[in-house]
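Subject: Structure for you to look at

Dear colleague,

Here is the structure I promised to pass on. My notes on what was found follow below it.

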Amino acid sequence: YGPESKCIETDGTRSYSLCLPTRCNMRLGKVQITAGDNQRLTCQYDGQVHSILFNYDSGKELRIKCPKAALVCPQLFCPANCAGRGECVYASGQKN
C-alpha cells in the first residue's frame, strides 16, 4: 500500500483486487507492477496476465492482469493522439 499503489485485478485466482506498487517506466513506455518478493513485472500489453507466487499465502500461485496503460500512465500517450496533427516524439519531449 502507498501513494504509488494501484488497484490491480486478478484473473479470477482471487475474488478481490490487490493494491500493488505500480509505476510508469518512461524509458520503456510500459507499466510496471511490483508484486510478490519485490518482483518487478513489465506489462507488454493491456490485460497481460502475470503469474506470481505470494509467500504470505502459502506460496500459492496468483495471476494478476495488467491494467490499461492509458488509464494508469496517461503521460505515456499523446494527448488526443495528437489530434491527427503530428506525432509525439517522446525522446525530446516535444510534439512535431
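In these notes, buried means a relative accessible area under 20%, exposed means over 50%, and partly exposed is anything in between, computed with a 1.4 Å probe on protein chains only. This is a predicted model, in which local features need pLDDT of at least 70 and side-chain atom pairs count only at pLDDT 80 or more, while totals for chains, interfaces and linings use all residues. Residues are numbered from 1 along each chain as its sequence is written, and side-chain values use heavy atoms, with hydrogens and water left out.

Salt bridges

The structure has three salt bridges, a salt bridge being a side-chain nitrogen of Lys or Arg within 4 Å of a carboxyl oxygen of Asp or Glu.

One of them pairs Glu 9 with Lys 65, with 3.8 Å between the closest N and O atoms. Glu 9 sits in the loop between strand 1 (5-8) and strand 2 (18-25), and Lys 65 is in strand 6 (residues 60-65), so the pair links distant parts of the chain, 56 residues apart. Strands here are DSSP runs of E of at least two residues, and they are numbered from the N terminus. Glu 9 is partly exposed at 46% relative accessible area, and Lys 65 is partly exposed at 31%.

Asp 11 forms a salt bridge with Arg 63, and their closest N and O atoms are 2.7 Å apart. This pair also links distant parts of the chain: Asp 11 is in the loop between strand 1 and strand 2, whereas Arg 63 is in strand 6, 52 residues away. Asp 11 has a relative accessible area of 31%, which is partly exposed; Arg 63, at 29%, is partly exposed as well.

Arg 63 has a further salt bridge, to Glu 61, at 3.0 Å between the closest N and O atoms. Through shared partners, Asp 11, Glu 61 and Arg 63 are joined into one network. Glu 61 is partly exposed, with 41% relative accessibility.

Thr 42

Thr 42 belongs to strand 4 (residues 39-43). Its side chain makes a polar contact of 2.9 Å with the side chain of Gln 32. A polar contact is a pair of N or O atoms within 3.5 Å; within protein, one must be able to donate a hydrogen and the other to accept it, and residues adjacent in sequence count only if both atoms are side-chain atoms. Leaving aside residues up to four places away in sequence, Thr 42 touches Leu 28, Lys 30, Val 31, Gln 32, Gln 48 and His 50, where contact means heavy atoms within 4.5 Å.

Regards

Terms used
Helices (H or I, at least four residues) and strands (E, at least two) are DSSP runs, numbered from the N terminus.
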